[in-house]
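Please consult the sequence and the model shown here.

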Amino acid sequence: MPFPVDAILFVFLLTMAVVIARRQELFSAAMLTGLFSLLSAGLFTLMDALDVAFTEAAVGAGFSTILLLGALTRTTGLEYQQRRPRTRPLMIVFSTGAALIYGTLDMPHFGDPAAAIHHHVTPDYLARTPVEIDVPNVVTAVLASYRGYDTLGETMVIFVGGVGVLLVLTGRWRWRRRVR
Amino acid sequence: MSASILGLWNYWAVIVLMMTGLYIVTARDNLVKKVMGLNIFQVSVIMFYVSMAKVRGGTAPILVEGEETVLYSNPLPHVLMLTAIVVGVATTALALALVVRIQEAYGTVEEDELVRIDDDDG
């Protein structure tokens, strides 16, 4: 039996998520979300998703953590103790989780080569990429060429997001109010 | 039977992670904490898609030159999840900007206090 690295990573991730949920010092919780992203990048590597792994390591572990820390410096570093009962959220979480697990029951097993998604258009992309695009990395070929418009739309979303952040934080409405 | 159900453990581990994120979003009052929970939820969803793309004995979808019989994992979910990660960061940034605005306007980011302040006003 091979060393179960992925199971150990899952245990680490779960521990980290629980600690994030319980932690009241938000700065350390923010650092832990960065670590969570980094460990999940390791898990993505194990599942052969190298491009996803280094995007997650750069964007999730790096940029998101910086954003969180920046927001914390402008708000508060400490969360208040809550006294109200948590039965309702727990009920929501458990029923949703049970429904999702029920939904996985007739799914193809993890790593099953006979699963439907591996036989629809994927062999086609794998066969055509060396001929049509001539880039060894199929993920890059699909991202930048076959689904290039999709990636363009994604860039647009980032742009709109950036403009939105700027408007919310330093919009003209604020300037007008200051003059008055 | 038990062996056949065990083949799904990876999905279940991801679902447990996902539910921890959902718990943080629903049970915690601090808005920054909610954004952290949303991040955990998002990473778990991405992990779910990447798990579906994995082929046992397969390798990363980077073509090996001159080899015809290599088994590759499915590249398509990877492409979609790359887009999802980047869009997720845009939504995180916007959410945090709104949280900072709420802090400026109300002086707090705790949801129960925000509701109380709004009730007092109205």
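Where in chain A does Asn137(A) lie? In this predicted model, Asn137(A) is found in the loop that runs between helix 5 (122-133) and helix 6 (138-146) of chain A.

**Asn137(A)**

- Asn137(A) has a relative accessible area of 13% and is therefore buried, the cut-off being under 20%.
- The side chain of Asn137(A) makes a polar contact of 3.2 Å with the side chain of Thr140(A).
- Beyond its neighbours within four places in sequence, Asn137(A) is in contact with Asp51(A) and also with Pro61(B) and Ile62(B).

**Extent of the interface**

- Chain A contributes 88 residues to the contact, and chain B contributes 76 residues.
- About 7600 Å² is buried between chain B and chain A, with 75% of this area coming from carbon and sulfur atoms.
- Of the area that chain B buries against chain A, 8% is supplied by Arg28(B), Met36(B) and Leu63(B), more than by any other three residues.

**Polar and charged pairs**

- Between chain B and chain A there are 4 salt bridges.
- Arg28(B) and Glu79(A) form a salt bridge through their side chains, at 2.9 Å from N to O.
- Residue pairs in polar contact between chain B and chain A number 17, counting those with both residues at pLDDT 80 or more.

**The side of chain B that touches chain A**

- Helix 1 (2-6), helix 2 (9-27), helix 3 (31-53) and helix 4 (75-106) of chain B each provide at least two residues of this side.
- Helix 4 of chain B gives the most, with 23 residues.
- By class, this side comprises 52 nonpolar, 15 polar and 9 charged residues.

Methods:
Residues are numbered from 1 along each chain as its sequence is written. Chains are lettered from A and ligands numbered from 1 in the order in which they are written. This is a predicted model: local features need pLDDT of at least 70, side-chain atom pairs count only at pLDDT 80 or more; totals for chains, interfaces and linings use all residues. Side-chain values use heavy atoms; hydrogens and water are left out. Helices (H or I, at least four residues) and strands (E, at least two) are DSSP runs, numbered from the N terminus. Buried means under 20% relative accessible area, exposed over 50%, partly exposed in between (1.4 Å probe, protein chains only). A polar contact is a pair of N or O atoms within 3.5 Å; within protein, one must be able to donate a hydrogen and the other to accept it, and residues adjacent in sequence count only if both atoms are side-chain atoms. Contact means heavy atoms within 4.5 Å. Buried area is the accessible area (1.4 Å probe) that two parts lose on being put together, summed over both. Ala, Val, Leu, Ile, Met, Phe, Trp, Tyr, Cys and Pro count as nonpolar, Asp, Glu, Lys and Arg as charged, and the others, Gly among them, as polar.
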